[in-house]
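Me: Could you take a close look at one part of this model for me, and walk me through how that part sits among its surroundings?

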Amino acid sequence: PARGLGKDVIDGLVATQVACLVYVSADPASLARDAKRLAQQGYRLEIAQPIDFDPQTYYLETAALFVRI
């Protein structure tokens with residue numbers, strides 16, 4: 001959702017100890033907030049790439065790759 005991930009969702013993802021996560025966001029503010037939460041839980045933002053899924057509109061998504069450190 002545009003509002004980002006809830007704390008429970010992040011806690012659940014971290015508990016799985018998955019090696020990497022791909023996070024797709026339509027809201028830079030929620031991506032920044034969740035990136036901070038993931039960093040606090042042992043993940044590093046490896047790369048973020050803007051993607052234009054809706055050409056000729058002002059909407060822009062970002063795909064971010066997080067890796068466990």
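**Helix 2 and its surroundings**

Reply: The buried residues of helix 2 pack against helix 1 (7–15), strand 1, strand 2 (43–51) and strand 3 (61–68). Please keep in mind that this is a predicted model.

Let's begin with the helix itself. Helix 2 covers residues 28–40, and its 13 residues should span 18 Å at 1.5 Å a residue; the end C-alpha atoms are 18 Å apart, which agrees. Its buried residues are Ser30, Leu31, Asp34, Ala35 and Leu38. Seen down the helix axis, these buried residues fall within an arc of 135°, so they line one face of helix 2. The face turned away from that buried side carries the exposed residues Ala29, Lys36 and Gln40.

Aspartate 34 is buried because its relative accessible area, 0%, is under 20%. Its side chain meets that of arginine 33 in a salt bridge, 3.1 Å from N to O. A salt bridge also joins the side chains of aspartate 34 and arginine 37, with 3.6 Å from N to O. Aspartate 34 and arginine 37 both lie in helix 2, three residues apart, about one turn of the helix. Both arginines are partly exposed: arginine 33 has a relative accessible area of 33%, and arginine 37 has one of 28%.

A search of the whole structure finds four salt bridges. Lysine 7 and aspartate 11 are four residues apart, about one turn of helix 1. Lysine 7 is exposed, with a relative accessible area of 54%, while aspartate 11 counts as partly exposed at 30%.

Serine 25 is found in strand 1, which runs over residues 20–25. Serine 25 is buried, with a relative accessible area of 7%. A polar atom of the serine 25 side chain lies 2.9 Å from the backbone oxygen of aspartate 27. Leaving aside neighbours within four places in sequence, serine 25 is in contact with Ser30, Leu31, Leu60, Glu61 and Thr62. Two of these contacts, Ser30 and Leu31, are among the buried residues of helix 2.

The strands come next. Strand 3 pairs with strand 1 in the antiparallel sense over six bridges, and valine 22 has leucine 65 of strand 3 as its bridge partner. Strand 3 also pairs with strand 2, again in the antiparallel sense, over eight bridges. Here glutamine 49 stands opposite alanine 63 in strand 3. Strand 3 is mostly covered, with six of its eight residues buried.

Just after helix 2, glycine 42 takes a positive phi of about 100°. Gly42 is also in contact with isoleucine 69, as are Tyr43 and Arg44, when neighbours of isoleucine 69 within four places in sequence are left aside. Isoleucine 69 has its place in the segment after strand 3. Isoleucine 69 and glutamine 41 are 28 residues apart in sequence and 9.5 Å apart in space, C-alpha to C-alpha. Isoleucine 69 is exposed, with a relative accessible area of 66%.

Definitions and conventions. Residues numbered from 1 in each chain as written. Predicted model: local features only at pLDDT ≥ 70, side-chain atom pairs only at ≥ 80, totals over all residues. Heavy atoms only, no water. Helix = DSSP H or I, 4+ residues; strand = E, 2+ residues; numbered from the N terminus. Buried < 20%, exposed > 50% of the residue type's maximum accessible area, 1.4 Å probe, protein only. Polar contact = N/O pair within 3.5 Å; in protein donor to acceptor, adjacent residues only side chain to side chain. Contact = heavy atoms within 4.5 Å. Expected span 1.5 Å × (residues − 1). Arc of directions from axis to C-beta. Pairing = 2+ DSSP bridges.
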